[in-house]
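User: I'm new to this one, and I'd like to go through it step by step. Could you put it up?

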Amino acid sequence: MMDLQHLPNALPNEKVIMFMRRNWTTPFGIFIFMFFSLAIPLVGFVIFYDQINNWLTTPFIGHVLILVITAYILAIWLFTFLEFTDYYLDVWIVTTERIINIEQKGLFTRVASELHLSMVEDTTSEVKGIIHTFLNYGNVFIQTAGERTRFIFKDVPNPEMVKERVVKLTEDYKARSKKE
Amino acid sequence: MFSLPTIVIPIWALFIPFGLIVFLFLLYSFFNIYHLLRFATYSMGSYLTTVIFVGGSVIIMAVAWAYIVSYDWTLAWNLSDFLEFKSSFL
């Protein structure tokens, strides 16, 4: 496990300023999906109770049905937690020295990259859409000097505030470097 | 007159594909928990998620097992019975 107090390759006097994950709407959407995936068949069972109960007591059909229902519930349960893990392991860390981007892509691909604050050229926040505006979350783009690739903090809460803090940290870092 | 050979399939044979599904569930669950405990930042969240996931999985499997054992899996399914049923149905 990664300890925020002891980051890998930590520099002297480096402090964690921001630790971000996607907004709560992402895990909420995952659990809503799980809820409906389980609730819809349950409602069907209640509506057609007599028919389904008849099938469940019929040899062979009942045997198949009980195994299919079990497999379906296990699949929904597993899918929910795979998606949650995917969400949970995507993190962005901003320190006094650098920005760390860790993204889990599926179960077997993991991308970790870092960007020194001296490389930050431009920071942009984006809040797009009614829900994003209402709940105040969106993307923050970090443009690096000399490169076209950007760091993207996806669907983070308070993107405007995050942008301001990154800009402030970058200015502070550059001022500190000039003094030294 | 063409006659079909008697083909009898034991119902427990359904456990073969079901067992494969359960095996895949356990395999992916293992990787899921491994990722949560290995790569997450140090916090209670990953432990809590693991406990909820494992607890939920145990409850689902225990309830499913209670239902599964209530069925008679020694029965056999005769394919010709099924075909007769289908032809009479038509």
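Analyst: Before any figure for the interface, one term: buried area is the accessible area, taken with a 1.4 Å probe, that two parts lose on being put together, summed over both. Please also keep in mind that this is a predicted model.

User: OK, how much do chain A and chain B bury between them?

Analyst: Chain A and chain B bury about 3300 Å² between them, and 80% of that area is on carbon and sulfur atoms. In terms of residues, 30 from chain A are in contact with 38 from chain B.

User: Which helix of chain A gives the most to that side?

Analyst: On the side of chain A that touches chain B, helix 3, which covers residues 61-88, gives the most, with 16 residues.

User: And how many salt bridges or polar contacts are there between chain A and chain B?

Analyst: The count of salt bridges between chain A and chain B is zero, whereas eight residue pairs are in polar contact, counting pairs with both residues at pLDDT 80 or more.

User: Back to helix 3 of chain A: is Thr80(A) buried or exposed?

Analyst: Thr80(A), which lies in helix 3 of chain A, counts as buried because its relative accessible area is 1%, and the cut-off for buried is under 20%. Its side chain reaches the backbone oxygen of Ile76(A) at 2.8 Å, and, leaving aside neighbours within four places in sequence, Thr80(A) is in contact with Ile30(A), Phe31(A) and Met34(A).

User: What about aromatics, which residues form a cluster?

Analyst: One aromatic cluster takes in residues of both chains: Phe31(A), Trp77(A), Phe81(A), Phe84(A), Tyr87(A) and Tyr88(A), together with Phe25(B) and Phe53(B). The ring of Tyr88(A) also has the charged end of Arg21(A) sitting over it, 3.8 Å from the ring centre.

User: How many aromatic pairs are there over all chains?

Analyst: Over all chains the structure holds 20 aromatic pairs. One of them joins Tyr34(B) and Phe39(B) edge-to-face, with 6.2 Å from centre to centre and 85° between the planes. Both residues are partly exposed, Tyr34(B) with a relative accessible area of 40% and Phe39(B) with 22%.

User: Switching to chain B, what pattern does it follow along the sequence?

Analyst: Chain B has three helices and two strands, and read along the sequence they follow the pattern β-α-α-β-α. Of the 90 residues in chain B, 26% are buried.

User: Now salt bridges, how many over all chains?

Analyst: The structure holds eight salt bridges over all chains. In one of them the side chains of Glu14(A) and Arg98(A) meet at 2.7 Å, N to O. This pair links distant parts of the chain, with Glu14(A) in the segment before strand 1 of chain A and Arg98(A) in strand 3, 84 residues apart.

User: Are Glu14(A) and Arg98(A) buried or exposed?

Analyst: Both Glu14(A) and Arg98(A) are buried.

User: And where do Glu97(A) and Arg176(A) sit?

Analyst: Their side chains meet in a salt bridge at 3.3 Å, N to O. Glu97(A) is in the loop between strand 2 and strand 3 of chain A, while Arg176(A) is in helix 5, 79 residues apart. Glu97(A) counts as buried at 13% relative accessibility, whereas Arg176(A) counts as partly exposed at 32%.

Notes. Residues are numbered from 1 along each chain as its sequence is written. Chains are lettered from A and ligands numbered from 1 in the order in which they are written. This is a predicted model: local features need pLDDT of at least 70, side-chain atom pairs count only at pLDDT 80 or more; totals for chains, interfaces and linings use all residues. Side-chain values use heavy atoms; hydrogens and water are left out. Rings of Phe, Tyr and Trp (its six-membered ring) pair if their centres lie within 6.5 Å; planes under 30 degrees apart count as stacked, over 60 as edge-to-face and the rest as tilted. Buried means under 20% relative accessible area, exposed over 50%, partly exposed in between (1.4 Å probe, protein chains only). A charge sits over a ring if NZ of Lys or CZ of Arg is within 6 Å of the ring centre and within 35 degrees of the ring normal. Contact means heavy atoms within 4.5 Å. A salt bridge is a side-chain nitrogen of Lys or Arg within 4 Å of a carboxyl oxygen of Asp or Glu. A polar contact is a pair of N or O atoms within 3.5 Å; within protein, one must be able to donate a hydrogen and the other to accept it, and residues adjacent in sequence count only if both atoms are side-chain atoms. Helices (H or I, at least four residues) and strands (E, at least two) are DSSP runs, numbered from the N terminus.
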